[in-house]
Amino acid sequence: MRARMAGILILSGFMGANAAASADQEIALAQPPLIVEHKNTVTINSGSYHLSSRNQDFYLVGPQSCSLFFGCGNTAIPISNDFETASRDVYGFEYGRKIKHGFSYGFNYFQIQNSFSIPSLTPSQGKLKARFIFGVIKKYFGDADGLQPFIGAGVGKVDLSVSGSENDTAGGSAALVSTGLRYSVGHMSFIAEYRLMRTSGMSLAGNTDITGDVNGSLKLSGRGNFVGLGFNF
């Protein structure tokens with residue numbers, strides 16, 4: 001009798017343990033899967049960029065001359081020029097870190113290249129290279145894992161160099177606003193973005209010609225479309 005009772009107690013304990021384990025498993029399966037939110041994203045992007053204007057402010061500055069009534073000064077004659085508006089070799093990268101309420105902060109770098117001509121100079125052809133870097137803030141809407149529209153803004157600087165018919169380097173300030181879509185899944189994200197950019201005028205003082213110096217003021221304001229592939233971590 002005692003052996004039978006002991007067997008019954010052992011069997012009851014075993015069945016109770018199995019029932020508890022099954023209940024724990026059912027509770028675990030009923031809970032939603034844990035979503036890991038990645039705070040950082042590094043994105044490689046490429047696209048197109050178009051300058052707002054084909055013509056820049058270039059002047060042929062003659063040697064200094066003096067007169068009795070007007071004092072001393074230089075004559076400055078506007079000279080024609082033609083800049084390729086569609087940039088080439090447009091690519092860059094971006095880093096962003098998410099914070100609260102769908103906002104992120106980071107930096108954005110990209111570069112462009114354009115050809116230009118100044119017919120009155122020899123050689124008449126030249127090349128422009130520009131590098132932009134911005135501190136940016138973005139606001140994302142929607143779920144972090146999925147399709148998110150966003151808007152953004154940034155301020156920064158631009159460094160440029162020209163070679164050929166004009167040879168010089170310059171720099172200035174720049175600002176941008178952007179809007180686009182981001183699709184995230186796991187560690188990957190895909191981005192399509194439209195950017196509108198404005199820059200300050202950047203002064204150039206080029207080669208000395210027989211008739212004087214060639215000075216200019218460049219503005220690289222424009223708009224661009226970019227696509228990017230990002231890694232979330």
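Which residues does Q111 touch, not counting residues up to four places away in sequence? I put this to the predicted model first.

**Entry: Q111**

I found Q111 in strand β8, which spans residues 103-117. Setting aside residues up to four places away in sequence, I listed D89, V90, Y91, A130 and R131 as touching Q111. I then looked up the polar contacts of the Q111 side chain. One joins Q111 to the side chain of Y91 at 2.8 Å. Another joins Q111 to the side chain of Y109 at 3.0 Å.

**Entry: aromatic pairs**

How many aromatic pairs does the structure hold? I noted 12. I looked at F83 and F116 next. Their ring centres lie 4.8 Å apart and their planes meet at 15°, so I logged the pair as stacked; the cut-off for that is under 30 degrees.

The limit I applied is under 20%.

F93 belongs to strand β7 (residues 88-98) and F107 to strand β8; they are 14 residues apart, and the pair links distant parts of the chain. F93 comes out at 36% relative accessibility, so I recorded F93 as partly exposed. F107 comes out at 33%, and F107 also counts as partly exposed.

**Entry: cluster and charges over rings**

Which residues form one aromatic cluster? I wrote down Y49, F110, F132, F134 and F226.

I then searched for charges over rings. R195 has its charged end over the ring of F110, 5.3 Å from the ring centre. F110 is also a member of the aromatic cluster. K139 lies over the face of F103, and I noted 4.9 Å to the ring centre.

**Entry: strand β8 again**

I went back over my notes for strand β8. Q111 is in this strand. F107 of strand β8 pairs with F93 of strand β7.

Note on methods. Residues are numbered from 1 along each chain as its sequence is written. This is a predicted model: local features need pLDDT of at least 70, side-chain atom pairs count only at pLDDT 80 or more; totals for chains, interfaces and linings use all residues. Side-chain values use heavy atoms; hydrogens and water are left out. Helices (H or I, at least four residues) and strands (E, at least two) are DSSP runs, numbered from the N terminus. A polar contact is a pair of N or O atoms within 3.5 Å; within protein, one must be able to donate a hydrogen and the other to accept it, and residues adjacent in sequence count only if both atoms are side-chain atoms. Contact means heavy atoms within 4.5 Å. Rings of Phe, Tyr and Trp (its six-membered ring) pair if their centres lie within 6.5 Å; planes under 30 degrees apart count as stacked, over 60 as edge-to-face and the rest as tilted. Buried means under 20% relative accessible area, exposed over 50%, partly exposed in between (1.4 Å probe, protein chains only). A charge sits over a ring if NZ of Lys or CZ of Arg is within 6 Å of the ring centre and within 35 degrees of the ring normal.
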